[in-house]
Amino acid sequence: ERSGVMAAGDLITADWQMEWRGLLFGPNPYGITEVQGLADLPGLVTADRDRLRAHGQIAGDDFLTGRTVEVGFRIEGSSSADTFDQATALAAVTAPGEAESPLVFQIPGVAAGTKAYLNARVRARSLPIDRLYQVSVLGGRFQFYATDPRLYSLVQSTQTVSLPTAGGGLPVEVDVPATLLAVTDSGSILVQNNGNFRAPWSFRINGPAVNPTVRNVTEGLYLGFNITLAAGEYLDVATGPTQRSVILNGSESRYYTLQAGSTWWDFRPGETEVAFRAATDTAATLTVYSRSAWSA
């Protein structure tokens with residue numbers, strides 16, 4: 001419990017449990033009988049093309065489609081009336097047409113057995129009433145669909161780094177459109193993705209800063225911005241999965257400030273060095289928000 005409010009996943013305390021909109025599945029009264037789709041790879045969209053007048057195909061990129069998850073469950077109430085009440089509560093939180101919400105789970109063998117989630121919507125619900133209902137037992141299943149198929153760690157990593165400390169000397173030209181002072185302090189952090197799939201991320205740059213740049217040193221990529229941030233101003237950048245955005249002070253788009261040659265990237269599995277740079281040495285900071293991600 002955080003400040004009196006339960007966060008998604010707080011109800012899960014052991015393996016073989018799932019949580020959806022405040023209902024816990026695993027122990028009674030909502031026992032899990034089967035889960036399909038979490039340990040499976042989602043479908044693929046492939047860009048392979050047939051060769052002309054030659055055998056085989058030309059290899060293209062493969063991308064995951066959305067993910068379908070089906071959960072079988074068994075309600076065992078203390079009476080038929082109690083079973084009915086539990087079924088009514090379940091129906092209330094599995095209505096179709098709602099926005100995506102976190103489906104949190106802790107299942108051995110999935111997402112390294114950690115507490116993880118995906119954002120999903122209910123697409124189908126089956127709650128047949130048969131003879132077992134007379135003895136307070138009701139079985140059924142429901143289907144979730146997630147437009148982003150990745151499974152994310154429930155724990156978000158937050159790291160903050162300042163610009164490098166200037167050590168004097170002449171400006172040094174680097175392979176991004178910025179001029180940096182000689183560096184004695186690295187101004188870098190190491191971001192760890194403990195999953196098995198590339199993970200989107202977001203970051204905030206707090207001014208003052210002139211033409212700030214965030215570099216993926218490990219893979220030789222960068223995101224740079226032609227903008228001057230005053231003290232107290234901040235730039236929020238999201239890399240996905242629904243929309244890439246560059247927002248000034250929480251409301252104003254500054255996507256057009258993206259420097260030529262910038263590349264959007266996701267954090268690959270393992271360790272990535274991220275460096276914060278700018279055209280001038282100021283008290284600016286970079287805060288990186290990331291989660292580990294799995295394909296299954």
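Residues are in contact when heavy atoms lie within 4.5 Å.

**Figure 1. The whole chain of the predicted model.** Among contacts between residues at least 6 apart in sequence, 67% join residues at least 24 apart. The chain holds one helix and 27 strands; helices (H or I, at least four residues) and strands (E, at least two) are DSSP runs, numbered from the N terminus. Of the 296 residues, 38% are buried, where buried means under 20% relative accessible area, exposed over 50%, and partly exposed in between (1.4 Å probe, protein chains only).

**Figure 2. The pairing of strands 19 and 20.** Two strands pair if DSSP finds at least two bridges between them. Strand 19 (residues 213–216) is joined to strand 20 by four bridges in the antiparallel sense. Threonine 213 has glycine 224 of strand 20 as its bridge partner.

**Figure 3. Valine 71 in strand 8.** Strand 8 covers residues 67–76. Valine 71 has a relative accessible area of 1%, so it counts as buried. Leaving out residues up to four places away in sequence, valine 71 touches Met18, Glu34, Val35, Gly140, Arg141, Phe142 and Phe144. Arginine 141 is 70 residues from valine 71 along the chain, yet their C-alpha atoms are separated by 5.4 Å.

**Figure 4. Serine 292 in a loop.** The loop runs between strand 26 (285–290) and strand 27 (293–294). Serine 292 is buried because its relative accessible area is 8%. A polar atom of the serine 292 side chain lies 2.8 Å from the backbone nitrogen of asparagine 194. Not counting residues up to four places away in sequence, the residues that serine 292 touches include Leu151, Tyr152, Gln192 and Asn194.

**Notes.** Residues are numbered from 1 along each chain as its sequence is written, and side-chain values use heavy atoms, with hydrogens and water left out. In this predicted model, local features need pLDDT of at least 70 and side-chain atom pairs count only at pLDDT 80 or more, while totals for chains, interfaces and linings use all residues.

Definitions and conventions
Polar contact = N/O pair within 3.5 Å; in protein donor to acceptor, adjacent residues only side chain to side chain.
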